[in-house]
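Let's take a friendly walk through a protein model, starting with a ligand and then looking at a few spots along the backbone.

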Amino acid sequence: MSYDLIVIGAGPGGYECAIRASQLGMKVGCVEKRDALGGTCLNVGCIPSKAMLHASEAYDELSHLEPMGISVSNVALDLPKMMDFKQEAIDGNTKGVEFLFKKNKIDWLKGTGKILGTGKVEVTDSDGVAVVHEAKNIVIATGSDVAQLPGITVDEETIVSSTGALELKAVPERLLIIGAGVIGLELGSVWKRLGSKVTVVEYLDHVLPGMDGEVSKTFGRILKKQKFDLKLGHKVSSVEKTGSGLAVSVEPAAGGDAEVIEADVVLVAIGRVAYTDGLGCKEVGIETDERGRVVIDDQFATSLAGVYAIGDVVVGPMLAHKAMEEGTVLAEKLDGQLPHINHDAIPGVVYTHPEVASVGKTTEQLKAEGVEVNVGKFPFTANGRAKANRTTDGFVKIIADKKTDAVLGVHIIGAGAGEMIHEAVAVIEFGGSSEDIARMCHAHPTMSEAIKEAAMDVTGSPIHM
Ligand code: FAD
Ligand code: NAI
């Protein structure tokens, strides 16, 4: 078969690229080896984890309604049913992508794709039958895989990755998580709300590395208040199976005596790595970097003519919406358009409670760049809606350029922060200032008013503090 475009991988990056290319009149094939479309995100990532976060939050909330004058008794957990709820979310979304492929006349080339050279992709199906397809252009969108911890073998039963942690058959009494990153804290929140005692072992001295330092520090305090047992500045040296569960040796990262912590399940959540297994990069001269990522130029072009790459498999944050933006933009570039992507305005959200959301630069990044800034902050304890809802944990922090007042970074801890952050994304995208936000009317009473007040605090004074 001959195509204008073959996309390898049907995750958020690949499926958006395929759909936009088809909308623009290209004949498109998309190679995917999973039994369902949607990649990591829809099958074992964003969607199932958010379904479990939503369900576990509802369960947990029922035990905390008493201050509102609501007493609920006989709250019971039916975990298999909750897992069915999660599966329905996955199926609804993956089937949705399948529908969009049919609607846009995209061929799902079922199997594993291997690049044979410019314009040639071999697809091998589950029976081992290989077919070579031709294409004017090829896009690598093969995503990422779980990073392994040497010496600790994931069996997806008691020692699990995020995939196994979304499939547990029973609520573990004691869950030990290696890594206080996004996965560790989101999935730790799920199982904590469902009843596990959660210990998180983190190599660094703070949670959520890469976030603004003040946010990491405050969020660590909030987690401790929620009774997460945080062992910061520690590492796991071994996990042994015992008759009663797992014996986990934990030692200070800087060296010192190890202690043994008993657990029923260990979740390894120390990051993800670019996935190019079996793709044939080396054989055809597609360059990868020291972290296994496909090297691209600013047009997403790899070192092999006619081959491009996007999403988790290339440089940048491993986020579904970053992959999606790159997919759409690349399809438009291949159509000869001049689309735009601003890698400085990609939000990041941690879907815990409260949520953590961020866009733009952190205080630490700007300091390292020598940029002089003004900072405004507003706590949710002073926000009317937060007080009414009793969701007063957290704050909004706005960092603006000292000379121009342009907003450079916005960092929020707060209930609904993941929705609120888009106001900040829009302001940064349009080159707006803190004064622009401060002079925008915000509906009352909303949590978003804290963004306006933080903006007022950048160069002046907020009203409610
Ligand atoms: P992927 O989604 O990884 O898709 C790549 C696809 O390519 C896969 O389906 C794979 O089977 C296929 N493939 C690979 N090699 C081949 C081959 N040779 N031939 C055929 N097919 C191949 N991000 C967010 O933005 N928000 C979230 O809330 C969020 N939650 C997450 C929760 C978890 C537990 C995890 C693990 C990740 C989460 N992420 C989240 C990250 C997000 O899933 C990724 O950033 C996103 O899926 C990357 O998209 P992608 O298209 O680059 O790759
Ligand atoms: P991460 O990079 O966010 O966090 C990994 C953590 O493990 C870091 O804090 C790191 O210091 C720590 N660590 C590494 N080695 C360690 C060791 N030996 N001992 C103890 N701690 C160690 O990676 P995570 O949480 O696995 O997530 C992977 C990717 O998936 C992230 O890049 C993230 O972008 C994406 N993701 C995004 C989500 C979202 O947007 N809400 C949700 C879940 C995942």
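The domain bounds used here come from an automatic or database domain assignment. Please keep in mind that this is a predicted model.

## Where ligand 2 sits

With those bounds, domain 1 covers 2-146 + 273-341 and domain 2 covers 159-270. Both domains give residues to the shell around ligand 2, so the ligand lies between them. The shell holds 21 residues, and I183, E186, E202, G271 and V349 come nearest to the ligand. Sorted by class, 14 of the shell residues are nonpolar, three are polar and four are charged.

Which residues make polar contacts with ligand 2? E186 has a polar side-chain atom 2.8 Å from a nitrogen atom of the ligand. E202 brings an N or O atom of its side chain to 2.6 Å from an oxygen atom of ligand 2. M318 takes part through its backbone, where a polar atom is 3.0 Å from an oxygen atom of the ligand. On its own, ligand 2 has 850 Å² of accessible area, and the protein covers 78% of that. Two elements give two or more residues each to the shell, namely helix 6 (182-193) and strand 10 (197-202).

## A closer look at helix 6

Helix 6 gives the largest share of the shell around ligand 2, with three residues. This helix has twelve residues, and the distance from its first C-alpha to its last is 17 Å, close to the 16 Å expected at 1.5 Å a residue.

Is helix 6 mostly covered or mostly open? Mostly covered: nine of the twelve residues are buried. Among them are L185, E186, L187 and W191. E186 is also the residue whose side chain has a polar atom 2.8 Å from a nitrogen atom of ligand 2. After helix 6 comes G195, with a positive phi near 125°.

## Two loop residues on either side of a cut-off

T142 lies in the loop between strand 6 (130-140) and strand 7 (144-146). Its relative accessible area is 19%, and buried means under 20%, so T142 counts as buried. A polar atom of the T142 side chain lies 2.7 Å from the backbone oxygen of Y275.

I296 is in the loop between helix 8 (281-284) and strand 17 (307-309). Because its relative accessibility is 22%, I296 counts as partly exposed. I296 and V315 are 19 residues apart along the chain, and their C-alpha atoms are separated by 8.3 Å.

Most residues other than glycine have a negative phi, and most peptide bonds are trans. With that in mind, here are some exceptions to look for.

Where are the cis peptide bonds? One joins H353 and P354, with omega about -5°, and P354 lies in the loop between strand 18 (348-350) and strand 19 (355-360). Another joins H444 and P445, with omega about -5°. P445 is in the loop between helix 13 (434-438) and helix 14 (449-459).

Now for phi. R390 has a positive value near 55° without being a glycine, and R390 is found in the loop between helix 11 (384-389) and strand 21 (395-401). D405 is not a glycine either, yet its phi is about 70°. D405 lies in the loop between strand 21 and strand 22 (407-414). Are these residues buried or exposed? R390 is exposed, with a relative accessible area of 63%, whereas D405 is buried at 14%.

Notes: Residues numbered from 1 in each chain as written. Chains lettered and ligands numbered in written order. Predicted model: local features only at pLDDT ≥ 70, side-chain atom pairs only at ≥ 80, totals over all residues. Heavy atoms only, no water. Near = heavy atom within 4 Å. Polar contact = N/O pair within 3.5 Å; in protein donor to acceptor, adjacent residues only side chain to side chain. Areas by Shrake-Rupley, 256 points an atom, 1.4 Å probe, with all protein chains shown as cover. Helix = DSSP H or I, 4+ residues; strand = E, 2+ residues; numbered from the N terminus. Nonpolar A, V, L, I, M, F, W, Y, C, P; charged D, E, K, R; others polar. Expected span 1.5 Å × (residues − 1). Buried < 20%, exposed > 50% of the residue type's maximum accessible area, 1.4 Å probe, protein only.
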